[in-house]
Amino acid sequence: MGHARARKIPAQLVEDEDYQLRHERVAGIDIAKAKADVCTRLPPARDGGRRASRVEEVPATARAVLALAARLLADGVQLVVMESTSDYWRLWYYLLEAAGLRVQLVNSRQARQLAGRPKTDRLDAQWIARLAEMGLLRPSFVPPPEIRALRDLTRTRLQLVRDRTREWQRLEKLLEGALVKLSSAVHSLARTDTARAILEALAGGERDPRALAALADYRVKGGRAAVAEALEGMALGGHHPLLIRVHLDHIAFLDRSAAAVEDEIEAALDAIPAARGISADGVPSPDPGPDAAALPAAERLAEIP
């Protein structure tokens, strides 16, 4: 006897059950470079009805995102979830957060690997919203605004310090090419007043080794005679004073910029409660974290993503 062919059962849409919902009003955002698809999921308009799902395309502009924020607030949205797509998510996250919405960033790999994801990009926003309302997505850590500001400042300071170091290296290479052996007479071009004074004089056109050595601090290693000896073989061309001046001016600019950023870092730290182990009112924090000696240096803090 032949086996009876099994009857195919058509696929059916399984509606949401109340017990599955963690959030009644959510929005899922599928982000691209120039726009995003936004799906808003809301409770049914009447008892026994289906949950309302609205999908719209929103341009990636500040005005459009702020208008979206107003609509989501008017709908009473409790949670907005978006994937961490490149750096494009920042505009959406920062503006929606600033508008007062609760925003979560999730790993796109996690959302795409869960079974049931639709195959079309157009439905990705709905998929994100469905997962968000059931609490199936694990949020990524996004630093609060105060920490983001501090991170921007420390990263900028680190870049300025690195640029300044490179500028000193370029200047030293220029001097070596002109047979100015100043770096062999002082322990550091960047950190000694003697080197600075002599470099300023060279930029001003002075070429007499003895006159330049007279600018050295008397405590310099080997004395001023050693400085004069290191400068005796100079072969400065007509262009060298100008190039030395360019490097010195750039270094001075980087010095001022780094100092200004350091002042802002101090102000940013003061704006964060318990950043130094005390509250904003000067009261010791009950949970101050590591002591000052264990706090990361600005250079390490700048590397935090």
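Axes are lines fitted to C-alpha atoms, for helices over the stretch in contact, and the angle between two of them runs from 0 to 180 degrees between N-to-C directions. The model shown in these views is predicted.

**View 1. Helices α7 and α10 cross.** Helix α7 covers residues 193–203 and helix α10 covers residues 240–270. Their axes come within 8 Å and cross at roughly 135°. Because of that angle, α7 is oblique to α10. The crossing of α7 past α10 is left-handed.

**View 2. Residues of α7 meet residues of α10.** On the α7 side the contact consists of Arg196, Leu199, Glu200, Leu202 and Ala203. On the α10 side are Pro241, Ile244, Arg245, Leu248, Ile251 and Asp255. Of the residues in this contact, 7 are nonpolar and 4 are charged, with no polar ones.

**View 3. Strands β1 and β2 form a hairpin.** Strand β1 spans residues 26–31, and 3 residues lie between β1 and β2. The two strands pair in the antiparallel sense over 6 bridges. Asp30 has Asp37 in β2 as its bridge partner.

**View 4. Strand β2 also pairs with strand β3.** Strand β3 takes in residues 52–59. The pairing of β2 with β3 is antiparallel and runs over 8 bridges. Here Thr40 has Arg54 in β3 as its bridge partner.

**View 5. Strand β2 is largely enclosed by the rest of the structure.** The strand comprises residues 35–42. Of its 8 residues, 7 are buried, so β2 is described as largely enclosed.

How values were computed. Residues numbered from 1 in each chain as written. Predicted model: local features only at pLDDT ≥ 70, side-chain atom pairs only at ≥ 80, totals over all residues. Heavy atoms only, no water. Helix = DSSP H or I, 4+ residues; strand = E, 2+ residues; numbered from the N terminus. Parallel < 35°, antiparallel > 145°, perpendicular 65-115°, else oblique. Left-handed = near helix turned anticlockwise from the far one by under 90°. Contact = heavy atoms within 4.5 Å. Nonpolar A, V, L, I, M, F, W, Y, C, P; charged D, E, K, R; others polar. Buried < 20%, exposed > 50% of the residue type's maximum accessible area, 1.4 Å probe, protein only. Pairing = 2+ DSSP bridges.
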